[in-house]
Amino acid sequence: MMDFTGRHVVVTGASTGIGHATAGRIHAAGGKVTLIARSAGRLAAACEELGTRAAWVAADAGDKAQLIAALDEAVEVSGPIDGLFLNAGTGGGFAPVSAYDDEVWDAVMAVNLKGPFWAIAHVLPQMAERGGGAILVTGSLASERGMANNVAYVASKHAVLGLARAVALEGGPQGVRCNCVVPGFIETPMLDALPPEAWETMAARVPQRRTGKAEELAEVAAFLLSDAASHVNGQSWAVDGGVLGTLEV
Ligand SMILES: NC(=O)c1ccc[n+]([C@@H]2O[C@H](COP(=O)([O-])OP(=O)(O)OC[C@H]3O[C@@H](n4cnc5c(N)ncnc54)[C@H](OP(=O)(O)O)[C@@H]3O)[C@@H](O)[C@H]2O)c1
């Protein structure tokens, strides 16, 4: 049973999709939540819907100064951070590796990898000083598999899994767990732009023969951030209907 009563969890990429659903799940389990993303309007609306115990800060997670200021504001408003869900992500453009744009590469790395690194470097010592905490990063099937024409995304998502595993080892003795949740094909705005045939192709590749809901991902993300997962550390935890665990021939 998940209980976040008295706990403060910060979620990046919380204005829509997986982050929004996870903030809602943690709030429903009694937690205080701080929602971070760029769009102030969507964050304000989400917090209004949640009511008390919910705050937001608008910040670009790929900008170190903005991200650190947002984390400090979260502490100031809602108290020390017990859980940190580093979920903000961007896909970047699609191009062959030989034509991949340097600026797009840097932008993808800033949001998907450097942001989580900056946030962990800032918050881990605070958690350790208080005797513990839980950190979760959002990976992807691209944390475990290659994909064509999407090199920055694949490299960033492999790297963020490595970040989680390194932090699991450094944080473990200090009471801080760090895991990586790996979404499969989840129905969120990130994939909304795809045409219906692409959805059908994705669903056909899933052993369950369907895509996932943000709420199904949120259930596992909240679990990994909760004391119910107190001995889960350094894991890549897929919520993908069986894609990574199987081989269909
Ligand atoms: N949906 C899937 O099937 C799937 C599969 C694999 C991995 N993922 C990963 O899951 C995570 C969440 O994605 P989602 O599917 O929930 O998509 P989404 O609904 O588009 O959510 C992305 C979130 O990240 C925020 N964001 C993007 N760039 C940001 C930036 N520079 N600074 C701060 N916030 C930023 C967006 O808010 P603003 O635009 O307001 O900033 C939004 O809240 C991402 O890391 C993504 O790579 C998703």
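Two residues are in contact if their C-beta atoms, placed from the backbone, lie within 7 Å. The model is predicted: local features need pLDDT of at least 70, side-chain atom pairs count only at pLDDT 80 or more, and totals for chains, interfaces and linings use all residues. Residues are numbered from 1 along each chain as its sequence is written.

The protein chain has eight helices and nine strands. These are DSSP runs, numbered from the N terminus (helices: H or I, at least four residues; strands: E, at least two). Of the contacts with a separation of 6 or more, 70% join residues 24 or more positions apart.

Helix H4 (residues 102-129) packs with helix H5 (residues 151-171) at about 10°, and their axes are 9 Å apart. Axes are lines fitted to C-alpha atoms, for helices over the stretch in contact, and angles run from 0 to 180 degrees between N-to-C directions. H4 and H5 are therefore roughly parallel, a term for angles under 35 degrees. Among the H4 residues in this contact are Val104, Trp105 and Leu124; H5 residues there include Ala152, Tyr153 and Gly171.

Seven strands form an open sheet with parallel pairing, in the order S3-S2-S1-S4-S5-S6-S9. Strands pair if DSSP finds at least two bridges between them. Strand S3 (54-58) and strand S9 (236-239) are the edges, each pairing on one side only. From one strand to the next, the twist averages 20°. H4 packs on this sheet, touching strand S4 (83-86), strand S5 (133-138) and strand S6 (176-183). Helix H8 (residues 214-225) lies across S1, S4, S5, S6 and S9. H8 runs at about 165° to S6.

Conventions:
Parallel < 35°, antiparallel > 145°, perpendicular 65-115°, else oblique.
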